[in-house]
Amino acid sequence: MATYSRLPGSVALITLQNPPVNALSAAVRQGIVDTVQRALKDPKVTSVVICGQNGKFCGGADIREFAGPMLGPPLVPMIHAIEAVDKPVAAAIEGVALGGGLELALGCHYRIAHSKALLGLPEVTLGLLPGAGGSQRLPRLIGLTAALDLITTGRHISAAEALKLGILDQVTDNNVVDQAVEFVRRVAGQPLDSRRLSTLPCPPDVDSLLDKAMVKVRQRSRGALAPVACVQALMAAASLPYTQGMEKERELLTTLFNSGQARALQYAFFSQRVVGKWSLPSGASWDNSAARPISKAAVIGLGTMGRGIVVALALTGISVVAVETQEKQLAEASQAVPAMLQREAGRRGLATPPGVISFSSNLQDVSEVELVIEAVFEDMSLKLQVFRHLTSVCRPGTLLCSNTSGLDIDQLAAVTQSPGLVVGMHFFAPAHVMKLLEVVYGPRSSPEAVATAMQLGKRMGKVSVAVGNCPGFVGNRMLKPYLEQANFLLEEGATPQQVDEALEEFGFPMGVFRMSDLSGLDVGWRIRKEAGLTGPGVESTRTRQGRRYSPLPDQVCEAGRLGQKTGRGWYQYDGPGGRVARSDPWVHIFLEAYRAEHDLVARSIAPEEILERCLYALINEGFNILQDAMAAGPEDIDAIYVFGYGWPRHHGGPMFHAGQVGLGRILERLQHHHHNHPDVPHLKPSTLLRRLVAVGSPPVQKWREFINKERVHSQL
Ligand SMILES: CCCCCCCCCCCCC/C=C/C(=O)SCCNC(=O)CCNC(=O)[C@H](O)C(C)(C)COP(=O)(O)OP(=O)(O)OC[C@H]1O[C@@H](n2cnc3c(N)ncnc32)[C@H](O)[C@@H]1OP(=O)(O)O
């Protein structure tokens, strides 16, 4: 709702009230319409200030309402009515003015903000465009170039930047409502025509800026509808009178609003928040488990991952002991890490935290810290050695975490004096940049240890997801069948480019083979050797450990082609470390020779089959993970894939996508592919998927409840 009060000196104050962010729900919109009418009718009122309760102006349209029928007064006429008022109206912006919140402020005649406020039009991130006049008013206020940037990226900007751009009339460090009241008193009686943005001309698109922008957004977010519609709306602003521009805005919004992409992106918004409210099968959860405060931490191992983790910790102001026992590596890291810290702080607009990192080659130096993150080479015997050492060196009560990407956390916990204080903290490279953190709890991890790791992730700006302890955890466990199918497709006739193109067309920033070249092909090779799947003495057949196996990636590694780092992998590069992937005749000759050796006849494989085989195998493993209670719900899996594995956000995540495709269809296609490839267990449809289809394929939001019920009745 919105409350009305009349302040001394003829100023009406309208306060939006809808905790926590004063989103523009039907009740709030109705409240605004009523209170603006009241101010208009009250002869004693000469000016109006609109503010938000509890230090937040407005977080935009109420996203929760998008799922149902639209009730209450619509936003566009409501904002027009405010703009048309013949008494000055000012928005007093504290906290946030985002989306519809900023569009409301653009309908006011003046905008005053607190210096700490954040402003933006993030609708594009929800699959929409600023459809309450924002796409037409903003370019009239700040020009096309700046409006294009804000609307197509959805980025939040500071009050200082908004003032510079001309969005704000004044910024204050004091009470923003008091300042706005003083402001409107001062301007009362002045003409308002030039303050009504809808009446101003829009700067024309002189140098095809918008055409270039269209090319750019299509490249940047392949397959995403909203960025394209945002540019189209700005094209309308630049070429049409305001009223027609508004019609175009409405038309584009309607298309977006009804698209699966908007539903996917809104689901992604909420799943990011759902995963923060973690719960474990034991009943421990975010609201009954206290996190420990951490001010001193240590990182063991200063390879690529360790260095990134040191920077991520240091940026929070935590003091870090960075330990590396190999002198050469230590010397390199002590040069590289401060530079990385400075760069990342600069990128985030922060001051570089001074003197928070100390380097050491001595494990003894971690004795005083509260939490240690081990980031040594992915080798269980080495990690066990480090954990044995840590448990004897650290003071009792120190949390011991491992950055393993898939090894058994329980085995590490077993060699320590306090297994309850051991958890996995699986970062993604580069660790100071990537948003995802898998927090892995073993059977003995205490709620306090999980809460502390989750909280620490949040402090580092990560999306932290609590996952169970199984080989590969959630993300890498699902990656395995995906990679496996990609290799089988090469055996059957596809090229790396064909597979990658199908996946990139779907929206992945990189296809599976380009991604493997980037990560290094030796990573998987080593894991397969440790699992006894390849290496000396292992027979070179296409069936290993009782299931279909493709030796292709092993043979590529054996040829010395380890990906970008060697300048050759599934593609060729300009040289070691090269970034631009080019098709390599060697790979095509190699594939032909391989198929001939194994009597395989290459067939033409359609992009649809590539997507089905790779994505449905991955999704099927997601169902197995839910069934095994290794993830609390589909949102956890989807957040992991969106934030850690480049799953296109406009497809919501693998489990959401399964729901959109239709669970019946996924089941039917998996059955089909499993029938054709009975020696591939990953294609065998999971019991949970079958059960969901059997009960009528409920929406993804209902799966968690269904799984819990099934578990109680031992159906899973
Ligand atoms: C048939 C066709 C018809 C077509 C036309 C239909 C018309 C439909 C209307 C269309 C209008 C289009 C124009 C306007 C669009 C919009 O405004 S879309 C919304 C834009 N706003 C945002 O994207 C902001 C989203 N929120 C945030 O970024 C952050 O929440 C925050 C505001 C910066 C605060 O961050 P933080 O303090 O970290 O808190 P959070 O944990 O993120 O959030 C706290 C809780 O608040 C909930 N929430 C936040 N924003 C909204 C919102 N806009 N609507 C509803 N709920 C919101 C969030 O989910 C958290 O909830 P809990 O998890 O339950 O605590």
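How many helices and strands does the secondary structure of the chain come to? Colour by secondary structure and you will find 28 helices and 19 strands, counted as DSSP runs (H or I of at least four residues for helices, E of at least two for strands) and numbered from the N terminus.

Before you go on, a word on the model: it is predicted, with local features needing pLDDT of at least 70 and side-chain atom pairs pLDDT 80 or more, while totals for chains, interfaces and linings use all residues. Residues are numbered from 1 along each chain as its sequence is written, and side-chain values use heavy atoms, leaving out hydrogens and water.

Now select the C-alpha atoms of the whole chain. Along the principal axes they fill a box of roughly 95 × 60 × 60 Å.

Time to zoom in: select helix α17, residues 475–492, and pick out Glu491 within it. Glu491 has 0% relative accessibility, so it counts as buried.

Finally, select what surrounds Glu491. Leaving aside residues up to four places away in sequence, Glu491 touches Arg542, Arg548, Tyr549, Ser550, Pro551, Leu552, Tyr594, Arg595 and Leu600, with contact meaning heavy atoms within 4.5 Å.

Technical notes: Buried < 20%, exposed > 50% of the residue type's maximum accessible area, 1.4 Å probe, protein only.
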